Amino acid sequence: MSAGVPPQTPGPNASSASNAPRAPNASNAPNAPNAPRPAAPHGNPWRSRARRVLPYVVVGGAGFFIAYLVVYFFVFPSRLVPNDRPVPNVVGMLQVDAERALRDAGFQPQQGERHVNASVPPETVVSQTPPATTMKPQGTTVIIDIAASP
């Protein structure tokens, strides 16, 4: 070699000293069973995206759940054990019996209008408000209209 000239290395297409073919081994065979696979440049992209989004999904879901509970318990509260009961049908009963049946069922009877009705005996209930079998809370006032004698 001459002085001042750097040594040259053979390039990728340069042939080696021996022109004999190389024997295949695990390191240079592309389909070898135990050949290491090249790693992805940044890992699995959908997994890293899911890991970035997951905290937002959890916080959003928890926020929705808390908002739902606030609305359920405070905006539209309902009793856990409702004390609604059906209003008994007292139409056709005498006033005294109708008032007793309503009190026994937990309602407050109140006399409404008196209607003259020739087809119904006097002191008989001809209508009631609220109607029979409606679900109302205990202590609701039920107005009964009574038939008067002609």
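A: Start with a term for strands: two strands pair if DSSP finds at least two bridges between them. In this model, which is predicted, four bridges join strand S3 (residues 125–129) to S5, and these two strands run antiparallel.

Q: Which residue in S5 is the bridge partner of Val 125?
A: The partner of Val 125 is Ile 146.

Q: What other strand is joined to S5, and do the two run parallel or antiparallel?
A: Strand S2 (residues 108–116) is joined to S5 by seven bridges, and S2 and S5 run parallel. One place to look is Val 116, which stands opposite Ala 148 in S5. S5 therefore has S2 as a parallel partner and S3 as an antiparallel partner, by the rule that at least two bridges make a pair.

Q: Is strand S5 mostly covered or mostly open?
A: Here a cut-off is needed: a residue is buried under 20% relative accessible area, exposed over 50%, and partly exposed in between. Strand S5 spans residues 141–148 and is mostly covered, with six of its eight residues buried. For the protein as a whole, buried residues make up 14% of the 150 residues.

Q: How many helices and strands are there in total?
A: The protein has two helices and five strands. Along the sequence they follow the pattern α-β-α-β-β-β-β.

Q: What share of the contacts join residues at least 24 apart in sequence?
A: Take the contacts between residues at least 6 apart in sequence; 65% of these join residues at least 24 apart.

Q: Where does Arg 85 lie, and which residues does Arg 85 touch?
A: Arg 85 is in strand S1 (residues 84–86). Leaving aside residues up to four places away in sequence, Arg 85 touches Ala 105, Phe 107, Thr 134, Met 135, Lys 136 and Gln 138. The side chain of Arg 85 also reaches the backbone oxygen of Ala 105, at 3.2 Å. Arg 85 counts as partly exposed because its relative accessibility is 29%, a value between the cut-offs for buried and exposed.

Q: How do I read a pair of aromatic rings?
A: Two values describe such a pair: the distance of the centres and the angle of the planes. A search of the whole structure finds two aromatic pairs. In one of them, the rings of Tyr 68 and Tyr 72 have centres 6.2 Å apart and planes at 15°, so this pair is stacked. Both tyrosines, Tyr 68 and Tyr 72, lie in helix H1 (residues 45–75), four residues apart, which is about one turn of the helix.

Q: What are the values for Tyr 72 and Phe 73?
A: The ring centres of Tyr 72 and Phe 73 are 5.0 Å apart and the planes are at 80°, so the pair is edge-to-face. Tyr 68, Tyr 72 and Phe 73 form one aromatic cluster.

Q: Why do Tyr 68, Tyr 72 and Phe 73 count as partly exposed?
A: Read the relative accessibility of each residue. Tyr 68 has 48%, Tyr 72 has 38% and Phe 73 has 45%.

Q: What should I look for in the backbone?
A: Most residues other than glycine have a negative phi, and most peptide bonds are trans. In this model, the peptide bond from Thr 129 to Pro 130 is cis, with omega near 0°. Pro 130 is in the loop between S3 and strand S4 (135–137).

Q: Which loop holds Thr 133, and what is the phi of Thr 133?
A: Thr 133 also lies in the loop between S3 and S4. Thr 133 has a positive phi of about 70°, although it is not a glycine. With 63% relative accessibility, Thr 133 counts as exposed.

Q: Where is Glu 123, and what is its phi?
A: Glu 123 is in the loop between S2 and S3. Glu 123 is not a glycine, yet its phi is positive, at about 65°. At 34% relative accessibility, Glu 123 counts as partly exposed.

Methods. Residues numbered from 1 in each chain as written. Heavy atoms only, no water. Buried < 20%, exposed > 50% of the residue type's maximum accessible area, 1.4 Å probe, protein only. Contact = heavy atoms within 4.5 Å. Phe/Tyr/Trp six-rings, centres within 6.5 Å; stacked < 30°, edge-to-face > 60°. Polar contact = N/O pair within 3.5 Å; in protein donor to acceptor, adjacent residues only side chain to side chain.
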